[in-house]
Amino acid sequence: MSVPSKTQKPFLQALAGETLSPPPVWLMRQAGRYLPEYRATREEAGGFLDLCYTPKLAVEVTLQPLRRYAFDAAILFSDILVVPNAIGRQVAFKQGEGPVLDPLTSRADVEALEPGKLRERLGPVFETVRGLASAIPSTTALIGFAGAPWTVATYMLEGGSSKDFSVAKSWVYSRPDDFAALMEVLIGATTDYLIAQIDAGAEAIQIFDTWAGVLPETEFHRWVIEPIGRITRALHEQRPGVPVIGFPKGAGVLYETFIRETGVDGVGLDASVPLAWAAKTLQPLCTVQGNMDPLLLVEGGPLMEQAVKRLLDTLGHGPFIFNLGHGIVPQTPPENVSRLIDLVRAPR
Ligand code: CP3
């Protein structure tokens with residue numbers, strides 16, 4: 001049975017397994033610092049988290065890229081780190097430094113987390129989703145999202161971004177019970193958070209596991225595949241019909257097992273995934289999304305044109321959503337984004 005509103009939305013059609021020409025297109029971090037209007041609204045908000053927690057402004061920055069470019073999807077403007085914040089940790093974004101958190105240091109810190117407070121504390125995010133659901137064009141889909149438990153755990157344990165993940169890995173290897181307790185909290189909180197986004201109007205979900213690729217195979221199964229699989233199955237059971245995209249960045253050949261074992265409807269490919277291999281091995285399993293290098297979008301010109309052509313030639317014959325392999329970077333010229341959309345949509 002197909003829901004009528006879905007038939008108008010190419011992004012949801014592609015996630016349901018349809019091959020579309022041209023494919024739907026959206027870009028990770030399509031709202032962000034490369035747009036002067038984003039920088040102005042961010043200035044007005046004060047801090048980055050104030051922007052995320054002020055529905056009027058969060059709705060505004062989500063819509064800004066849609067006014068310039070006819071993307072097939074809008075992604076809720078928020079951040080993966082609102083979850084640790086909502087369950088009781090301090091999170092700050094300092095200009096030019098990235099996120100800073102008060103790191104968890106003990107089992108007692110894990111036990112003091114407050115997943116029961118999440119829904120109330122993230123009320124403004126759900127209000128943003130409701131505002132967007134009624135504001136976006138009828139052919140544009142609304143994507144909700146969360147960070148995957150492993151990636152969120154790395155920020156909570158390291159206290160911010162990391163180069164080698166030595167603190168998070170020391171929990172994985174030398175304090176497995178404490179680490180498992182933290183992951184249980186995050187799996188529950190993330191599921192709860194995503195269900196509330198769906199109830200507020202999100203039509204598809206993306207789970208970002210940015211640091212999936214730093215785990216060895218055994219730990220990848222336990223801490224990437226298992227948690228995302230549990231969240232995906234819970235969403236499919238409790239809110240059937242809402243597709244889930246997994247983005248296990250850097251998973252390499254483990255992308256295949258990831259798709260088979262999590263049951264995701266779509267998978268985000270990072271820029272290192274070979275296209276012919278993805279077409280042969282991954283695309284028969286689910287819809288693929290990606291994976292142009294964001295730095296080629298900065299470069300523009302013939303190199304970008306060739307990359308777009310290659311992507312469409314290789315992945316355009318099956319269920320495919322055009323995207324980048326990671327988020328847009330701040331130095332991207334906005335006119336290159338227009339050119340990219342034109343290239344993806346050009347008659348072929
Ligand atoms: O347009 C969109 O894609 C929606 C909004 C969105 C943001 N962050 C806004 C943001 C999404 C989906 C995210 C996800 C996110 N956040 C991830 C996973 C995807 C990825 O990029 O790997 C991660 C790891 C984070 C954590 C995070 N947030 C970091 C490490 C940083 C600092 C680095 C940076 O780019 O500044 C942020 C800040 C952040 N989140 C910004 C934006 C637009 C920039 C903040 C600013 O305005 O200064």
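**Exercise 1.** Which residues touch the most other members of the largest nonpolar core, and how many residues does this core hold?

*Solution.* The model examined here is a predicted one. Its largest nonpolar core holds 127 residues, and among these Phe11, Met292 and Phe322 touch the most other members. As a next step, one can look at where this core draws its residues from: helix α12 supplies the largest share, 14 residues. Finally, take Met292 and leave aside its neighbours within four places in sequence; the residues in contact with Met292 then include Phe322, together with Ala271, Leu297, Met304 and Leu340.

**Exercise 2.** Describe how helix α10 packs against helix α12, and decide what kind of arrangement the angle gives.

*Solution.* Two packed helices are described by the angle between their axes and by the distance between those axes. Helix α10 covers residues 149-158 and helix α12 covers residues 176-200, and the two pack at an angle of about 120 degrees with their axes 10 Å apart. On the side of α10 the contact is made by Pro149, Trp150, Val152, Ala153, Met156 and Leu157, while α12 contributes Phe179, Leu182, Met183, Leu186, Ile187 and Thr190. Sorted by type, the residues of this contact comprise 11 nonpolar, one polar and no charged.

**Exercise 3.** Carry out the corresponding analysis for helix α9 and helix α12.

*Solution.* Helix α9, which spans residues 123-135, packs with α12 at an angle of about 30 degrees, and the axes are 8 Å apart. Since angles under 35 degrees count as roughly parallel, α9 is roughly parallel to α12. The crossing in which α9 passes α12 is right-handed. From α9 the residues Val125, Phe126, Val129, Arg130 and Ala133 meet Tyr193, Ala196, Gln197 and Ala200 of α12. The residues of this contact divide into seven nonpolar, one polar and one charged.

**Exercise 4.** Is Thr154 buried or exposed, and which residues does Thr154 touch beyond four places away in sequence?

*Solution.* Begin with the location of Thr154, which lies in helix α10. The relative accessible area of Thr154 is 1%, and because an area under 20% counts as buried, Thr154 is buried. Not counting residues up to four places away in sequence, Thr154 touches Gly159, Gly160, Phe165, Ala168 and Trp211.

Notes:
Residues numbered from 1 in each chain as written. Predicted model: local features only at pLDDT ≥ 70, side-chain atom pairs only at ≥ 80, totals over all residues. Heavy atoms only, no water. Axes fitted to C-alpha atoms, helices over the stretch in contact; angles between N-to-C directions. Helix = DSSP H or I, 4+ residues; strand = E, 2+ residues; numbered from the N terminus. Contact = heavy atoms within 4.5 Å. Nonpolar A, V, L, I, M, F, W, Y, C, P; charged D, E, K, R; others polar. Buried < 20%, exposed > 50% of the residue type's maximum accessible area, 1.4 Å probe, protein only. Core = buried A, V, L, I, M, F, W, Y, C linked by side-chain atoms within 4.5 Å. Parallel < 35°, antiparallel > 145°, perpendicular 65-115°, else oblique. Left-handed = near helix turned anticlockwise from the far one by under 90°.
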